[in-house]
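Dear colleague,

I am handing over a structure that may be new to you, and my notes on what was found in it follow below. Please read them with the structure open beside you.

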Amino acid sequence: MHGNSYKEGHMRLIVAQDIYKDYQVGEVSLRALSDLNFEIEPASFLSFVGPSGSGKTTLLNLIGCLDIPTGGSLTIAGTDVLSLDRKERAAFRGKHMGFIFQDFNLIPVLTVYENIEYPLLMVQNVPSEERRRRVLRLLESVEMMEQKDKYPDQISGGQKQRVAVARALVTEPELVLADEPTANLDSKTAYMIIDLMKVMKEKSGTTFIFSTHDQKIVGAAEILYTLEDGTIVDRKEMGGNGHV
Amino acid sequence: MAMYNLLKIAIRNLMRYRRRTLLTSSLIMIGVVFVLVFVAVTGSIKGLLIGQITDSMLGHIQIHKKGYVASIDNLPLTITLSPKAMEAIENVIKDMPEVEAYSARIKFGGLFSNFTETTNIRLNGVVPEKELKTVPLLPERIIKGNKDLQKGSILIPELLAKGMKVTVGDTVVVIATNRDGSVNGKQFVVGGILESVTGPGGRDGYIHIEDAVEVLRMEEMELSEIVLRLKDFGMLQDVYTSLTNSLSGKTNEAGKPVFEIHTWEKLSPFYNIARMIDIMTLFIKIMLIAMVLVSIMNVMIMAVYERMREIGTISAIGTMPGKILSMFLLEGLSIGIFGALIGDAIGCAIIYLLNISHITFNFGRQTGLLLEPHVGIADLLAVSVIVIIVSVAASLQPALKASRMEPIYALRHV
């Protein structure tokens, strides 16, 4: 029923209905998320906030197809992701999503250029000229052109996260998921990263979804979902003028 | 292109843990060197010893009348090859370019007398020119006297000469019973003394084949065996098969096969020693496989655990499980190739050094046998291919684990 809404132009990137997630701990079943219903439109810049253990990361993992809900329905970019097997989910992530991690998670044996190029080369098999064009453009955008031949251990944390942002965006995904992307950065760098993502969102129409505690991101978000004990307790439209 | 990039990542990951990679490769390299040197040295010793056995007495292949070998200790004169049979065999041998030479023998047991004492002796009646071409080390065994065997002369084993106190130039008598049971004797002059050689026939004496015919009062030449020497010892089984196919069709009036054919392996107990050397080589190869398997598997399991978050990251980004699998397999493959190539190079260098060192050894009463270790391309390739295949196989379990890992689980790993 939601499967076609995206393609038919109703412009809902994500439709979640009655999602819940249980974890089995020994013989006890723990409900991490319960009865989540929400819809996210393309080109959103939204954040899930809430205290530790509220289920932000779990929800982000479900939206990112890294994990599957125990029940409910989840449609992303017109696809019922619960019907996908492990390989199909990997292919789906590669095609539709980008990820930014708290610890940057760059591949240490690849240079800055190669890290950004990786999804195009190893996931999407983009031809070399097109690859080069896109990587160079993003290197410019994240102001990392001079460091392109350096390895991750030769650049700062802020620079690493800029590379991670570029890697997430290089495939031109519809959705970028970022779990605490500024947690390991100082304020100045964190604002720089948030600004960068906002600019990217404006330029490419990519949807950015965060899970965060960070007030800097909270201030920049256009939509704010508050989670408590695995349930969405509040939804606010913020305007998103926090920093840019 | 993707494979090239996977290989690039694999090699960079190996370089990342340089010391560990070097240690693992060194272990493989040492194993390869050990196997190659062992194969080369034992191969050389085995070849020399087989050469001593076959080139001194036994030849490479022997053809007898059916049933002869079962009674070989009796040296039967009733199970012999007639001139017609000899002709049939010669017709087959002549068409075989692999055969370098062949020699017909009449073997019999008799009494050996120096006119004061008598003992028994095993004798071979041979055509000297043909015998020397078939067992070319025979002249080297003649430690005293004439190197060529004349009619009327006899070559006797050293121990017999000592025991009977005869030497070159002495007259002796050989007495033998022929196939009909009648006894005949003939005087011979000792033409030479033979040193012993390990294996059957090592204590045999030699006379001219025409003398043998005379002693045994044969109306026509009846042969005990025909001995073949091949141009290439490696063709032994092929020639044996070919001979068997050609001669097995020859049957007697009762429809039973006339001939039996044996390679040296079936005629000498030394073959069991050669087999033991082969079995030892096999065990050494199995040890190499175990060594490669354990070291590569260990290093790859460590690599998977250490890089769990990286695996989670590339998996989250959308890398397909097959590519993650390939990435780890290529790491194992690269270590295997590196270890094998360096091992091959060092192994060949050591074998070369052994060759130029001119190491000698003794075998039985043979002294100064030169050790000439040699490793063929086939052995080199076989050892390298085994190492490389085992390297990939050892990486398979860790690689499968990495490729099947759920990204959510891998990303949580600290």
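Which elements do the buried residues of helix 2 of chain A pack against? Please bear in mind, as you look, that this is a predicted model. Within chain A, the buried residues of helix 2 pack against strand 4 (71–76), strand 6 (97–100), helix 3 (112–123) and strand 7 (175–179), and they also pack against helix 11 (308–317) and helix 12 (321–356) of chain B. Helix 2 itself covers residues 86–96 of chain A, and the residues in question are Arg89(A), Ala90(A), Arg93(A), Gly94(A) and His96(A).

As for chain A as a whole, it has seven helices and ten strands, and its C-alpha trace spans about 50 × 40 × 35 Å along the principal axes. Its radius of gyration is 18 Å, which agrees with the value near 18 Å that a compact globule of 244 residues would have. Of these 244 residues, 47% count as buried, and among the contacts in chain A with a separation of 6 or more, 69% are between residues 24 or more positions apart.

Chain B is assigned domain 1 (2–53 + 272–412) and domain 2 (67–257), and the C-alpha centres of these domains of chain B lie 50 Å apart.

Two loop residues deserve a look. Asp229(A), in the loop between strand 9 (223–228) and strand 10 (231–237) of chain A, has a positive phi of about 50° although it is not a glycine, and it is partly exposed, with 14 other C-beta atoms within 10 Å. His358(B), in the loop between helix 12 and strand 11 (360–363) of chain B, has a positive phi near 50° and counts as exposed, with 9 C-beta neighbours inside 10 Å.

Definitions and conventions:
Residues numbered from 1 in each chain as written. Chains lettered and ligands numbered in written order. Predicted model: local features only at pLDDT ≥ 70, side-chain atom pairs only at ≥ 80, totals over all residues. Buried ≥ 20, exposed ≤ 12 C-beta atoms within 10 Å, placed from the backbone. Helix = DSSP H or I, 4+ residues; strand = E, 2+ residues; numbered from the N terminus. Contact = placed C-beta atoms within 7 Å. Domains from an automatic or database assignment. Rg over C-alpha atoms; globule rule 2.2 N^0.38 Å.
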